[in-house]
Amino acid sequence: PPGFQKDWYYAAGLGWQMSKESFIKDNVSWINLWKWRATYGRTGNNNVDDYQYFGYRQTYSTTIRGYGVGVNKNLVFSFNEDALANASIHAEKGNKFDFGTDISLFKDHFQITADYYYDKYSELLGIRGKSILLIGANAPNVTEGNLTFAGNGSIYPVENIGTSAFKGGELTLTFKSNVRNFNYFISANGAIQSTKVIFSDEQVRPNAFNYRTGQPINAIFGYKSLGLFQSAEEAASSPTILGYNAQAGDIKYADIGGIDGKPDGVIDRFDEMPIGNTKPLMFYGASFGFNYKGFSVSVLLQGVHNRNIYQSPSLLNGFGGLTGSGIGAPYGQAYESAVGRWTEETAATATSPRVSISNLNNNQQSSFYIRSGNYFRIKNAEIGYTLPYSWTKRINVSGIRVFVNGENLYTITGYKGFDPEVFPNNTPGSFPYPIQRVFNAGVSIKL
């Protein structure tokens, strides 16, 4: 909106070539480079329209209710106020700090790069969780983590109220050398990242474990699963969702918190807790290769640790509208993950709840649907050969190279059947992709 279309963003950096100082340059010959560096910057994210298109303008809409053919009835006209405007909505802010070092040793054969960063994001856009109806606006749809609780119509405006932080470190080690015409290299890298919700406008909750504030940004919230009910007697005597009569083969949830902070015999929002993605993410990888005369080989490895995936109940249970009929529909495509149903005969080994068309209990977000998103894979490998120039110059060509490469050649993962690298971002109702192994062969010609 006018008055918020401009802002100041800045950055500065400072470096020190410590290896050029006399106490290193004149005394340690095997240190070729040692540089310290630090940077700080303020950035902005002008994503206002991603949340509420022209959200700073108060708008109104009209509705006309028609009449049937041959019916003598006046048209009904209504005038409605749309969602509340936020006249001071503006860009989100990010303050970013990085401190690192670059080192090169042994005639530049061995190199080290290390970084520590801390990024604090403020004035993040979000809807207040403590909004009430006294001003006459309708209740909003409230999203908490991956759970959405439906309101009854219009929503409050998004406001610049959130604060969060990212921090972590990165390390890369590289060694490269040669033995006559044989040139080779190996590089390894690792990174760790943690996140935290510093402030979000939440409703007052009875238990500390119910709060999203203080948790990682991508933490998954839901109910703690205790497995499957093994008998009708167990289902009848256990806490369940209000209004639902549990049966054998349904998911059993932990009753861990009522309004007074004690179990209350009902499974509801006060029993939600972090069930995934609460540990710092760890990324790692390596690349290595060599070339000898015209031949070249390269390999890229990569992996992730401490990552969880939320598997949609519709994907696991099957028949959930996977063909476009809508989540929860009693028909649709089922995948292999839908096998292992609970029956009286398979009660001890079942991996999926009992078969049911629509099941309020089993479709709740819970740890029953959390899977490991850890993986390690040979991401890419390539073999190539460059023809000698003495051959190609005869046909007036600078160079010809033939190559064969492959992608996703081998994957070790705790989540079977789908590609853990491209799994949707823990979004209920979205579905993953199978692992695609791709091979390429080609010729590169330089004229």
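**Close-up views of a predicted model**

**Figure 1. Arg57 over the ring of Phe54.** In this predicted model, the side chain of Arg57 is placed over the face of Phe54, at 5.5 Å from the ring centre.

**Figure 2. Arg212 over the ring of Phe221.** Another arginine, Arg212, lies over the face of an aromatic residue, here Phe221, and the distance from the ring centre is 4.0 Å.

**Figure 3. The aromatic pair of Phe175 and Tyr184.** Across the whole structure a search finds 13 aromatic pairs, and one of them joins Phe175 and Tyr184 in a tilted arrangement, with 6.3 Å centre to centre and 40 degrees between the planes. Phe175 is partly exposed, with a relative accessible area of 30%, and Tyr184 likewise counts as partly exposed, at 28% relative accessibility.

**Figure 4. The aromatic pair of Phe182 and Tyr184.** Tyr184 also pairs with Phe182, and this pair too is tilted, with 5.9 Å centre to centre and 35 degrees between the planes. Phe182 has a relative accessibility of 30% and therefore counts as partly exposed, since that class lies between the limits of 20% and 50%.

Figure 5. Where pLDDT is low, the predicted coordinates should not be read in detail.

Figure 6. As a background to both stretches, the protein averages a pLDDT of 85, and 83% of the residues score at least 70.

**Figure 7. The setting of the close-up views.** The protein has 447 residues, of which 37% are buried, and its secondary structure comes to 5 helices and 23 strands. Among the contacts with a separation of 6 or more, 66% are between residues 24 or more positions apart. The accessible surface comes to about 26,100 Å², and carbon and sulfur atoms account for 57% of that surface.

How values were computed: Residues are numbered from 1 along each chain as its sequence is written. This is a predicted model: local features need pLDDT of at least 70, side-chain atom pairs count only at pLDDT 80 or more; totals for chains, interfaces and linings use all residues. Side-chain values use heavy atoms; hydrogens and water are left out. Helices (H or I, at least four residues) and strands (E, at least two) are DSSP runs, numbered from the N terminus. Buried means under 20% relative accessible area, exposed over 50%, partly exposed in between (1.4 Å probe, protein chains only). Contact means heavy atoms within 4.5 Å. Accessible areas come from the Shrake-Rupley method with a 1.4 Å probe; for residues, only the protein chains shown count as cover. Rings of Phe, Tyr and Trp (its six-membered ring) pair if their centres lie within 6.5 Å; planes under 30 degrees apart count as stacked, over 60 as edge-to-face and the rest as tilted. A charge sits over a ring if NZ of Lys or CZ of Arg is within 6 Å of the ring centre and within 35 degrees of the ring normal. pLDDT is the predictor's confidence in each residue, from 0 to 100.
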